[in-house]
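Please examine the model shown below.

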Amino acid sequence: MIDYEKALAKTSASIPPSGIRKFFDIVSEMKDAISLGVGEPDFVTPWTIREAGIYSLEKGFTHYTSNSGLAELREEISRYLARKYNLQYDASDEIVVTVGGSEAIDITLRALLEPGDEVLIPEPSFVCYKPCTLLAGGTPVPIVTEEKDNFKLTPEKLSEKLTDKTKVLVLPFPNNPTGAIMTKEDLEKIADVLRPTNVIVLSDEIYSELTYGRKHVSFASIDGMRERTVTVNGFSKAFAMTGWRLGYAASPAPLSAVIKKIHQYAIMCAPTTGQYAAIEALKNCDADVEHMCREYNYRRRVMVNGFRSMGLSCFEPEGAFYVFPSISETGFTSEEFAQKLLEEEKVAVVPGTAFGASGEGFIRCSYAYSIKNIEEALNRIAKFVERHKRSA
């Protein structure tokens, strides 16, 4: 009889499952339920992208690509980063195409971390940074961001957490779950703190195309920061290509070489069909992205106004496709609110604590859903809030 407690790696076994998926799995089997829980565009991948994938199959392009990805795709990524964010990366040895942005995050941390190394993670933030840090042998160190600072990482808070063990800073902006962004001025202040150090920055910019009123600024474009930055991005959010599983890591050649080796042994290469589709996305789909962004912006305003009209404080997001309202008025914890809302009104949201302890008192709601579903969900949440405000 196998003793699985002894057989399983303690670090892997002790990592909790994703707090995002918990309520999604319940609501998927609940009749008439509405989910605002998962960060997935409700748009279908634009037709020309799908057509490029189909055409690649018709032509029999079904073999492995090079480990780093198709040369043509890496060239397009290089051109895209230059024209969009003023970033210069050599397609031959500074870009690795990955299985989604998530793989890029994972293998970047594995390329950088040794036991005892600390990774600074602004929170609330996406659920994967802490587990990936632990799996790579590092020590996650949260930096709490606050609504009074617009959920931005401040230079003061960064300075407080820097130690001789700090190896990596994660910059998760535009942010999931808060929708916060960092302006050029904000990033320059972070850069000033980092200049005397040897800290590497993992800049997760998967939502870079989805900003409202301000153009995204990449950290690697700040003077002197390119040499210490791994820029992670991908196709899932902006191009509505979640199921295609395509992302990339762009970094200076010495970093990229090690990232590529881990990718080489763990994955071999990203899906070939998706790579051909991604070439089309970068070449010809700016208008599609702009259309989707306009739609998200409209939904964003509806959702922010909806929560405020309930009497709940709601930070106005400037990026991504989430709102992060405070539910402290109800007296519930984030977990209690999400559980009771699902039971009583059949609406699924994500507790703020899924994104770190500092998310207590908040919930995350995605507006990557149809306006019909958003409006119905807001009506149900309003009834729930009114009912529990009276009884609180």
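In which sense do strand 9 and strand 12 pair, and over how many bridges? Strand 9 and strand 12 (residues 363-366) pair in the antiparallel sense, over 2 bridges. This is a predicted model, in which local features need pLDDT of at least 70 and side-chain atom pairs count only at pLDDT 80 or more, while totals for chains, interfaces and linings use all residues. Residues are numbered from 1 along each chain as its sequence is written, and side-chain values use heavy atoms, with hydrogens and water left out. Strands (E, at least two residues) and helices (H or I, at least four residues) are DSSP runs, numbered from the N terminus; two strands pair if DSSP finds at least two bridges between them.

At the level of residues, Y322 has S366 in strand 12 as its bridge partner. Contact here means heavy atoms within 4.5 Å.

Another open sheet is formed by 7 strands in the order 2-8-7-6-5-3-4, with mixed pairing. Its edge strands are strand 2 (95-98) and strand 4 (139-144), each of which pairs on one side only. On average, neighbouring strands of this sheet are turned by 20° against each other, direction ignored. Strand 2 pairs with strand 8 (residues 247-250) in the antiparallel sense over 4 bridges, and I95 stands opposite A250 in strand 8. Helix 5 (residues 71-85) lies across strand 2 and strand 8, and runs at about 110° to strand 2.

Helices also meet one another. The axes of helix 6 and helix 10 (residues 253-266) come within 9 Å and cross at roughly 115°. Helix 6 passes helix 10 in a right-handed crossing; a crossing is right-handed if the near helix is turned clockwise from the far one by less than a right angle, and left-handed if anticlockwise. Helix 6 makes this contact through E103, I107, T108, R110, A111 and L112, and helix 10 through L255, V258, I259, I262, H263 and A266. The contact residues divide into 8 nonpolar, 2 polar and 2 charged. In this scheme Ala, Val, Leu, Ile, Met, Phe, Trp, Tyr, Cys and Pro count as nonpolar, Asp, Glu, Lys and Arg as charged, and the others, Gly among them, as polar.

Some loops hold particular backbone features. The peptide bond from E123 to P124 is cis, with omega near 0°, and P124 lies in the loop between strand 3 and helix 7. A cis peptide bond also joins F173 and P174, with omega about -5°; P174 is found in the loop between strand 5 (166-171) and helix 9 (184-194). N86, in the loop between helix 5 and strand 2, has a positive phi of about 60° although it is not a glycine.

The empty spaces remain to be considered. Rolling a probe the size of a water molecule over the atoms shows where empty space is left. On a 1 Å grid over the protein atoms alone, a cavity is a set of points where a 1.4 Å probe fits but cannot get out, a pocket is an open set with protein on both sides within 12 Å along at least five of seven lines, and lining residues have an atom within 4 Å of a point. Grid points are joined across faces, edges and corners, and a volume is the space filled by probe spheres set on the points.

There are 3 cavities of 30 Å³ or more, and the largest cavity holds about 60 Å³. Its lining includes F173, the residue joined to P174 by a cis bond. The largest pocket holds about 580 Å³ and is lined by 29 residues, of which G39, S102, F126, Y207 and K237 lie nearest its centre. Helix 6 gives the most to this lining, with 4 residues. The second largest pocket has about 430 Å³ of space, and helix 7 gives the most to its lining, with 4 residues.

Methods. Axes are lines fitted to C-alpha atoms, for helices over the stretch in contact, and angles run from 0 to 180 degrees between N-to-C directions.
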